[in-house]
Amino acid sequence: MSLNCLRFVVSHSLKKSPHFHLSYLPSSSSSAVSVTMSYSKELAAAKKAASLAARLCQKVQKVLLQSDVQSKNDKSPVTVADYGSQALVSFALQQEFPTDFSLVAEEDSKDLRKDGAQEIVDRITKLVNDSLTSDGSYNVTLSTEDVLKAIDSGRSEGGSQGRHWVLDPIDGTKGFVRGDQYAIALALLDGGKVVLGVLACPNLPLTSISAAGQHSTSNEVGCLFFAEVGGGTYMQPLDGSSAVKVQVTAVENPEDASFFESYEAAHSMHDLSSLIAQKLGVKAPPVRIDSQAKYGALSRGDGAIYLRFPHKGYREKIWDHAAGCIVVTEAGGVVTDAAGKLLDFSMGKYLDLDTGIIVTNQKLMPLLHNAVRESLKEKAASL
């Protein structure tokens, strides 16, 4: 076949990665070669890193919940888990991708380098090394300085050029402290686009939470959601057994829909969500849970709608939505801001968006947009 008879369709970042597939596509006038990116190596590394961090967090939370009530006001357990999770993910990813590594993450080591922080740093270092030893894949012992450097690897600003990992080491810290939902949320940006995402949700039941709130009659908890652009969304137990493909709900009638919102009223305006639900005709009460576990639950059809309307002045960070966004969109859902614009992860650490974030399936989105627009007008008029 002559090269003149071939049409090449090349992804924007082909030159940056050796991972791609060639396939011939039929064409009316000629044959075509399609070149599509594969992020299989990156996805495998992300799943492993997030699972490793989830095990560390589970260990810390178990000790926290066994302690007395007074000590639960102590923030050090969640601090240890937060930093430990980031250090583990950063270390594990750098083992796989040692060159051109860029990580946009929530934490840095500034507070850990202050006087009086040595005890917490030692605890974090021990937890990280215990986790690496238990995993068995890494024949290494990290020093405290190694751990602090791994944490500080998350100082990238992100942006539209190149590749950037995006991490929230514990999304939903208040849920973590209460013993409820939290997530380790990891995504990869390539050219400003989210190309893969992983959500490790250690406390999320393997069965639907749509009718039972954030808990389930099943004792089995611990879900890993993962998605690669163009490849769909899958869920598997955190213990690593077989994965199943998931889809958002096909509900078309708002009266049959249920919706998620943030557990904490400080994180989202519950009164506005209630007004939107009322205008839509949603009859079910809201399911309030912490963290991006909401995105995971919605991706498998536990609910139909997720509404997030932070209070005025709050700026959304990319690590709070990057992994969850691709997990839902690859499962057939839609994620936009209140004006209907797709989320733009290419602008650095923050999302530039209108008012809030709304998530649902493709059939319900037009109705939801109308209800959001009417509710925002009504709320503005009442001020």
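Quick housekeeping. This is a predicted model, so local features need pLDDT of at least 70 and side-chain atom pairs count only at pLDDT 80 or more, while totals for chains, interfaces and linings use all residues. Residues are numbered from 1 along each chain as its sequence is written, and side-chain values use heavy atoms, with hydrogens and water left out.

Now the cores. A nonpolar core here is a set of buried Ala, Val, Leu, Ile, Met, Phe, Trp, Tyr and Cys residues joined through side-chain atoms within 4.5 Å. The largest one has 55 residues, and V128, W165, F176 and I184 have the most contacts inside it. Helix α1, residues 40–66, gives the most to this core: twelve residues. Helices, by the way, are DSSP runs of H or I with at least four residues, strands are runs of E with at least two, and both are numbered from the N terminus. There's a second, separate core of 40 residues, and I209, V246, V335 and F345 are among its members.

What does F176 touch? Skipping residues up to four places away in sequence, the list is C57, V60, Q61, L64, V78, A81, I170, Q181 and Y182. Contact means heavy atoms within 4.5 Å.

L132 sits in helix α3 and is buried, with a relative accessible area of 0%. Leaving out neighbours within four places in sequence, L132 contacts L52, L88, F91, S137, Y138, V140 and L142. L52 is 80 residues away from L132 along the chain, yet their C-alpha atoms are separated by 8.1 Å.

On to helix packing. Helix α4, residues 144–152, has V147, L148, A150, I151 and D152 as its buried residues. The cover over them includes α2 (76–96) and α3 (118–135). The axes of α3 and α4 come within 9 Å and cross at roughly 85°; these axes are lines fitted to C-alpha atoms over the stretch in contact, and angles run from 0 to 180 degrees between N-to-C directions. That makes α3 roughly perpendicular to α4, a label for 65 to 115 degrees, with under 35 roughly parallel, over 145 roughly antiparallel and the rest oblique. On the α3 side the contact uses Q118, V121, D122, I124, T125 and V128, and on the α4 side T144, V147 and L148.

D100 is in the loop between α2 and β4 (103–105), and is exposed at 77% relative accessible area. Another is T355, with phi near 70°. T355 lies in the loop between β14 (333–337) and β15 (357–361), and is partly exposed at 38%.

Methods:
Buried < 20%, exposed > 50% of the residue type's maximum accessible area, 1.4 Å probe, protein only.
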